[in-house]
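Q: Take a look at this model with me. I want each label set against its cut-off.

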Amino acid sequence: MSEPSVFTRILQGDIPSEIIAETDRVFAIRDIAPRAPVHLLVIPKTEQYRDVVDLAAGDPSLLAEMTDLAARLADEHADGDFRLIFNRGAGAGQTVFHVHAHVLAGGLDEGSLGD
Ligand code: 5GP
């Protein structure tokens, strides 16, 4: 058995982080190192999928639940517009191999793809 991911440990309460929203299968927290006025992470409760490609192939309805929760959070925490980022692979900046979406919102630079 490999070690639980940092996000599973947060979900289980082993690492402190407020769970700001959840459904049966998905939860959301604030990123510990925000790169936008609103920077949230939307995460499946299962760590079975390591990245978005894996998730889309294995359970597209779970991916749709993530985008739904991202939209709801962008409504609640900003004006409803948001940027959704999935890093896939270490070369793209992925550091936690438990799939998660970055939800960036609130005062983003128009036309920019990221940082
Ligand atoms: P990645 O680089 O894998 O796409 O994104 C992982 C994200 O998780 C990073 O933006 C990082 O700041 C965030 N993160 C890592 N550890 C923790 C933690 O313990 N708590 C919270 N809230 N965010 C974390």
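A: Read along the sequence, the protein chain runs α-β-β-β-α-α-β-β. That gives three helices and five strands. Helices (H or I, at least four residues) and strands (E, at least two) are DSSP runs, numbered from the N terminus. This is a predicted model, in which local features need pLDDT of at least 70, side-chain atom pairs count only at pLDDT 80 or more, and totals for chains, interfaces and linings use all residues. Residues are numbered from 1 along each chain as its sequence is written, and side-chain values use heavy atoms, leaving out hydrogens and water.

Q: Why is His100 called buried?
A: Buried means under 20% relative accessible area, exposed over 50%, and partly exposed in between (1.4 Å probe, protein chains only). His100 has a relative accessible area of 8%, so His100 is buried. Across the protein chain, 38% of the 115 residues count as buried.

Q: Where is His100, and which residues does it touch?
A: His100 sits in the loop between strand S4 (83–85) and strand S5 (101–105). Contact means heavy atoms within 4.5 Å. Not counting residues up to four places away in sequence, His100 touches Phe7, Leu41, Val42, Ile43, Met66, Ile85 and Phe86.

Q: How do you know that the side chain of His100 makes a polar contact with the backbone oxygen of His98?
A: A polar contact is a pair of N or O atoms within 3.5 Å; within protein, one must be able to donate a hydrogen and the other to accept it, and residues adjacent in sequence count only if both atoms are side-chain atoms. The His100 side chain reaches the His98 backbone oxygen at 2.8 Å.

Q: Is Asp51 buried or exposed, and why?
A: Its relative accessibility is 7%, so Asp51 counts as buried. Asp51 lies in the loop between strand S3 (38–44) and helix H2 (52–58).

Q: Which backbone nitrogens does the side chain of Asp51 reach?
A: The Asp51 side chain reaches the backbone nitrogen of Val53 at 3.0 Å. A polar atom of that side chain also lies 3.0 Å from the backbone nitrogen of Asp54. Leaving aside neighbours within four places in sequence, Asp51 contacts Arg88, Gln94 and Val99.

Q: Why does Lys45 count as partly exposed?
A: Lys45 has 25% relative accessibility, so it falls in the partly exposed class. Lys45 lies in the loop between S3 and H2.

Q: What joins the side chains of Lys45 and Glu22?
A: A polar contact of 2.8 Å joins them. Beyond four places in sequence, the contacts of Lys45 include Glu22, Asp24 and Phe27.

Q: What makes Asp24 exposed?
A: Asp24 has a relative accessible area of 75%, so Asp24 is exposed. Asp24 is found in the loop between strand S1 (21–22) and strand S2 (26–30).
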